[in-house]
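Please look over the sequence and the model first.

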Amino acid sequence: MASVDNKRDEEEPFVVGAASVDNSETLRNHTKDVHILSSAFLLIFLAYGAAQNLETTLNTKDDMGTISLGILYVSFTFFSLIASLVVRFMGSKNAVLLGTSGYWLFIAANLKPTWYTMVPASLYLGFAASIIWVGQGTYLTSTARSQARDYHLHEGTVIGKFNGEFWGIFASHQFVGNLISLAVLRNGAEGTTSGTTLLLTVFLCSMTLGTILMCFLSKRVDGGEEGPKDSSFGLCSSLISLLKSVITPLLDVRMLLIIPLIAYSGLQQAFVWAEFTKEIVTPALGVSGVGGSMAVYGAFDAIVGTIGIFCCIVSLISVATACFSVLVDSFASDLQVFPLVLVPAKICSLTAGRLTSGMSSITWIVSAGLFLQAAVFLWILKYSLTSGVLGILYPLLMAAMLGIGDGVFNTQLSALLGILFKHDTEGAFAQLKVWQSASIAVVFFLNPYISLQAMVAIMLAALFLAAGGFLVLTLQIEKAFSSPS
């Protein structure tokens with residue numbers, strides 16, 4: 001009993017009251033689910049993320065790759081409107097399990113990319129993605145609330161901690177997946193049928209492992225996670241529930257003020273996938289360099305989810321300094337130097353994580369992320385291709401800075417929705433994916449028709465609109481908390 005209590009004290013120092021064997025087991029169950037969910041998403045999305053980064057480069061005939069992704073995100077937008085109803089009906093665990101099938105089929109379709117395989121796979125993936133992400137947000141928030149309730153912890157702190165762990169591990173998919181792409185497609189294999197087939201086969205195996213891992217998640221029984229309570233759940237009730245889940249969040253002024261930030265978070269992701277890799281990275285580093293630059297992007301995305309933006313900026317400066325001495329030789333021979341360069345930043349995660357504790361910290365972190373990405377877009381407007389060390393370094397530094405911003409929006413938006421919309425978690429996360437996927441689809445459809453400078457101008461306008469809405473939201477919440485009850 002003493003050893004159990006000591007272990008409990010180490011894992012949860014802020015617990016009120018004496019520890020017991022049963023409560024210690026409950027603690028391990030909640031945190032175990034976060035570990036499983038995070039690892040499963042890593043295995044699935046290291047495959048999908050790397051494949052998506054290469055989609056517009058490999059499937060260039062008739063812009064099939066770009067159009068397929070546009071169709072995917074239009075489908076994602078539509079199905080996100082009903083995703084909260086599906087998740088509420090199925091339960092969040094079953095929803096994320098079903099959602100994995102769409103990603104598997106999309107990768108399989110790329111083994112024989114034709115309009116007859118890519119379009120149906122893209123349409124189905126839109127449905128699968130909508131339920132997997134609403135299910136993920138609902139499941140993670142429910143798990144955090146259970147942890148906070150069982151151990152008398154501050155709910156916002158636990159939600160921030162669990163989101164930090166999930167997004168920190170999840171963001172590693174860009175780092176791991178793109179290193180796999182780099183290893184397989186380099187040495188003349190890029191663009192060959194054998195190299196692409198091998199890469200996609202490895203990705204399918206990774207996705208299969210992730211799906212199997214999800215089967216070990218515990219079912220959540222609070223916050224609507226157990227599925228429908230009445231077996232006679234009829235069509236009329238379903239339609240009413242659907243309308244409420246879609247319309248009710250839009251009647252809340254807080255959601256209306258968050259939507260510009262949500263939409264911007266989708267725009268900046270699509271900008272990296274569609275514009276940055278094609279217009280900045282490929283001319284400077286080649287097609288195989290897309291994997292290396294996106295590995296840097298994913299590494300910093302992961303770091304900011306784990307240790308916070310300010311420690312990540314310090315790491316960015318140290319990496320930039322180290323790159324001057326080792327980057328050229330390592331890029332030409334072996335890009336596995338990047339994990340070694342990033343070791344100090346990874347070590348920081350042991351002491352500097354869990355920054356999100358409420359609106360105050362969210363405000364500062366989001367503001368810093370917006371400022372950093374604004375600096376990148378202004379830099380791109382003045383950017384021109386250069387040779388030598390700087391020609392290699394500049395795209396990698398941009399990737400790192402964009403990755404920091406993406407990590408900020410991923411963690412803070414999830415935490416913010418979990419804190420502000422605790423009574424309609426499914427509806428809030430459905431709105432998140434509706435507006436994100438719609439903005440992503442816009443970028444993919446515009447990509448073939450507008451210049452890089454025009455796209456950057458759109459990004460800056462969206463960024464300032466998002467910053468304005470978020471500022472008003474922060475002031476409103478601060479005023480509500482400061483006013484006497």
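**Briefing: helices and their contacts**

Serine 439 is buried, at 8% relative accessibility (buried means under 20% relative accessible area, exposed over 50%, partly exposed in between, with a 1.4 Å probe and protein chains only). This is a predicted model: local features need pLDDT of at least 70, side-chain atom pairs count only at pLDDT 80 or more, and totals for chains, interfaces and linings use all residues. Residues are numbered from 1 along each chain as its sequence is written, and side-chain values use heavy atoms, with hydrogens and water left out.

**Helix α16 and its residues**

- Serine 439 sits in helix α16 (helices, H or I, of at least four residues, and strands, E, of at least two, are DSSP runs numbered from the N terminus).
- Glutamine 268 is 171 residues from serine 439 in sequence, yet their C-alpha atoms are 9.1 Å apart in space.
- Serine 437 also belongs to α16, which spans residues 425-446.
- Serine 437 is buried, with a relative accessibility of 1%.
- The side chain of serine 437 makes a polar contact of 3.0 Å with the side chain of threonine 77.
- A polar contact is a pair of N or O atoms within 3.5 Å; within protein, one must be able to donate a hydrogen and the other to accept it, and residues adjacent in sequence count only if both atoms are side-chain atoms.
- Helix α5 (residues 115-151) crosses α16 at roughly 140 degrees, and their axes come within 9 Å.
- Axes are lines fitted to C-alpha atoms, for helices over the stretch in contact, and angles run from 0 to 180 degrees between N-to-C directions.
- α5 and α16 are therefore oblique to each other (angles under 35 degrees count as roughly parallel, over 145 as roughly antiparallel, 65 to 115 as roughly perpendicular and the rest as oblique).
- The crossing of α5 past α16 is right-handed (left-handed if the near helix is turned anticlockwise from the far one by less than a right angle, right-handed if clockwise).

- Two packed helices are described by the angle between their axes and the distance between the axes.
- Helix α9 (residues 253-285) and helix α15 (residues 388-420) cross at roughly 160 degrees, with axes that come within 10 Å.
- That makes α9 and α15 roughly antiparallel.
- α9 and α15 cross in a left-handed sense.
- The contact of α9 with α15 involves 21 nonpolar, 5 polar and 2 charged residues (Ala, Val, Leu, Ile, Met, Phe, Trp, Tyr, Cys and Pro count as nonpolar, Asp, Glu, Lys and Arg as charged, and the others, Gly among them, as polar).
- Helix α3 (residues 64-90) packs on helix α4 (residues 92-109) at about 160 degrees, and the axes are 10 Å apart.
- α3 and α4 are likewise roughly antiparallel to each other.
- The crossing of α3 past α4 is right-handed.

- Leucine 396 lies in α15 and is buried at 4% relative accessibility.
- Leucine 396 and glycine 289 are 107 residues apart along the chain, with 9.8 Å between their C-alpha atoms.
- Leucine 417 is in α15 and is buried at 1% relative accessibility.
- Threonine 141 is 276 residues from leucine 417 in sequence, and the C-alpha to C-alpha distance is 9.4 Å.
- Isoleucine 82 is in α3 and is partly exposed at 25% relative accessibility.
- Isoleucine 82 and alanine 430 are separated by 348 residues along the chain and by 8.0 Å between C-alpha atoms.

**A histidine in α6**

- Histidine 173 is in helix α6 (residues 155-185).
- Histidine 173 is buried, at 8% relative accessibility.
- A polar atom of the histidine 173 side chain lies 2.5 Å from the backbone oxygen of phenylalanine 170.

**Salt bridges**

- The structure has 2 salt bridges (a side-chain nitrogen of Lys or Arg within 4 Å of a carboxyl oxygen of Asp or Glu).
- Arginine 149 pairs with aspartate 150 at 3.8 Å, N to O.
- Arginine 149 is partly exposed at 48% relative accessibility, and aspartate 150 is partly exposed at 29%.
- Aspartate 252 pairs with arginine 254 at 2.8 Å, N to O.
- Arginine 254 is partly exposed, with a relative accessible area of 27%.
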